[in-house]
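Visitor: I have a model open on my screen and would like to learn how to read it. Could you walk me through a few features?

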Amino acid sequence: MKLILLESMLRHMENKGMTGDSQHGFTKGKSYLTNLVVFYNRVTVLVDKGKATYSSTWNCAKHLTLSHTISLVSKLERQGFDGWTTTWIRNWLDGRTQSVGVSG
């Protein structure tokens, strides 16, 4: 069921022009690796031209605490996703927690 929902959401975002060339996550034929390659190429072009180059990273572990049922669903509703989809996501996420582990 999750794959059906994912495909439907991706198709909706594609049809509405919500994703651009810089979107790599959950995009067919793209991944974190293609994102890194694009970043590397852009930086090396700037360095080769003698331009100043800056990069910033952040630890997302402390920044991604959000109420799924409020933030995510309301964002989807604002983007025009139908009520069936947002209700399904709200019900699926209700009472769930998520965590990310890095290096074990």
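Guide: We'll go through a helix, a core, a histidine and a salt bridge. This is a predicted model, so a word on ground rules: local features need pLDDT of at least 70, side-chain atom pairs count only at pLDDT 80 or more, and totals for chains, interfaces and linings use all residues. Residues are numbered from 1 along each chain as its sequence is written, and side-chain values use heavy atoms, with hydrogens and water left out.

Visitor: How many residues does helix α1 have, and what span does it reach?

Guide: Helices here are DSSP runs of H or I, at least four residues, numbered from the N terminus. The expected span is 1.5 Å times one less than the number of residues. Helix α1 covers residues 2-15, which is 14 residues, and reaches 20 Å from first C-alpha to last, close to the expected 20 Å. After α1 comes G17, with a positive phi near 65 degrees.

Visitor: Which residues of α1 are buried?

Guide: Buried means under 20% relative accessible area, exposed over 50%, and partly exposed in between, using a 1.4 Å probe and protein chains only. In α1, the buried ones are L5, M9 and H12. Looking down the axis of α1, they fall within an arc of 60 degrees (taken from the directions from the axis to the C-beta atoms), so they line one face of the helix. The general idea: an α-helix has 3.6 residues a turn, so residues three or four places apart point the same way. On the other side of α1, L3, I4, E14 and N15 are exposed.

Visitor: Which residues make up the largest nonpolar core?

Guide: A nonpolar core is a set of buried Ala, Val, Leu, Ile, Met, Phe, Trp, Tyr and Cys residues joined through side-chain atoms within 4.5 Å. The largest has 7: L5, M9, V73, L76, F81, I89 and L93. Helices α1, α3 and α4 each give two or more residues to this core.

Visitor: What does H12 contact?

Guide: Contact means heavy atoms within 4.5 Å. Beyond neighbours within four places in sequence, H12 touches M18, Q79, G80 and F81. A polar atom of the H12 side chain lies 3.2 Å from the backbone oxygen of Q79.

Visitor: Where is the salt bridge?

Guide: The rule is a side-chain nitrogen of Lys or Arg within 4 Å of a carboxyl oxygen of Asp or Glu. The count is 1: R90 and E77 meet at 3.5 Å, N to O. R90 sits in α4 (residues 83-93) and E77 in α3 (residues 68-78), 13 residues apart.

Technical notes
Polar contact = N/O pair within 3.5 Å; in protein donor to acceptor, adjacent residues only side chain to side chain.
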